[in-house]
Amino acid sequence: MVLAGSYASFSGIISGMCLLFAKSGVELLILTIGGDNQFWRWQAWVLLISLGVCALLQLWYMHKSLVLADPTVVCPCEWTLSHTSLSLTQASWRSGILLL
């Protein structure tokens, strides 16, 4: 049960990061559609690759936790940590501090 909670927690933390990467990717896409190409920089491509990796890791760890425990235990843990991770990451990025 502890291992399943750990996997769900890790999935939640990665989920928050994945959502932040997705928001940043959409902003890059909006700027590019508006005429200011953002995809000529290598950082934009790193962001998109990071989004893909985070999405796959999130699903992998969620699957591992669901194999070990019931969804009524796993899903609330993942959801809570997903939103907590997203809030902390957004606050740290807005203040100019990157906490990993």
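Tyr7, Phe10 and Tyr61 form one aromatic cluster, where rings of Phe, Tyr and Trp (its six-membered ring) are taken to pair if their centres lie within 6.5 Å, with planes under 30 degrees apart counted as stacked, over 60 as edge-to-face and the rest as tilted. Before I go on, please keep in mind that this is a predicted model, in which local features need pLDDT of at least 70 and side-chain atom pairs count only at pLDDT 80 or more, while totals for chains, interfaces and linings use all residues. Residues are numbered from 1 along each chain as its sequence is written, and side-chain values use heavy atoms, with hydrogens and water left out.

Let me begin with the overall layout. The protein chain has three helices and zero strands, and from the N terminus on its elements run α-α-α; helices (H or I, at least four residues) and strands (E, at least two) are DSSP runs, numbered from the N terminus. Of the 100 residues in the protein chain, buried residues make up 32%, where buried means under 20% relative accessible area, exposed over 50%, and partly exposed in between, with a 1.4 Å probe and protein chains only.

Now to the rings, of which the structure holds three aromatic pairs. One of them joins tyrosine 7 and tyrosine 61, and this pair is tilted, with 5.7 Å from centre to centre and 40 degrees between the planes. The pair links distant parts of the chain, since tyrosine 7 is in helix H1 (residues 2–33) and tyrosine 61 is in helix H2 (residues 42–68), 54 residues apart. Why does tyrosine 7 count as buried? Tyrosine 7 counts as buried because its relative accessibility is 18%. The rings of phenylalanine 10 and tyrosine 61 have their centres 4.7 Å apart and their planes at 90 degrees, so this pair is edge-to-face. Phenylalanine 10 lies in helix H1 and tyrosine 61 in helix H2, so the pair ties together parts that are 51 residues apart in sequence. Phenylalanine 10 itself is partly exposed, with a relative accessible area of 40%.

At 1.5 Å a residue, the 32 residues of H1 should span 46 Å, and its end C-alpha atoms are 46 Å apart, which agrees; the expected span is 1.5 Å times one less than the number of residues. H2 has 27 residues and reaches 39 Å from its first C-alpha to its last, close to the 39 Å expected at 1.5 Å a residue. Which residues of H2 are buried? They are Ala44, Leu47, Cys54, Gln58, Met62 and Ser65.

Glycine 52 and cysteine 18 are 34 residues apart in sequence, yet 8.2 Å apart in space, C-alpha to C-alpha.

Phenylalanine 39 lies in the loop between H1 and H2 and counts as buried at 18% relative accessibility. Phenylalanine 39 and leucine 29 are ten residues apart in sequence and 8.5 Å apart in space, C-alpha to C-alpha.

Finally, what lies over the face of tryptophan 40? It is arginine 41, at 5.7 Å from the ring centre; a charge sits over a ring if NZ of Lys or CZ of Arg is within 6 Å of the ring centre and within 35 degrees of the ring normal.
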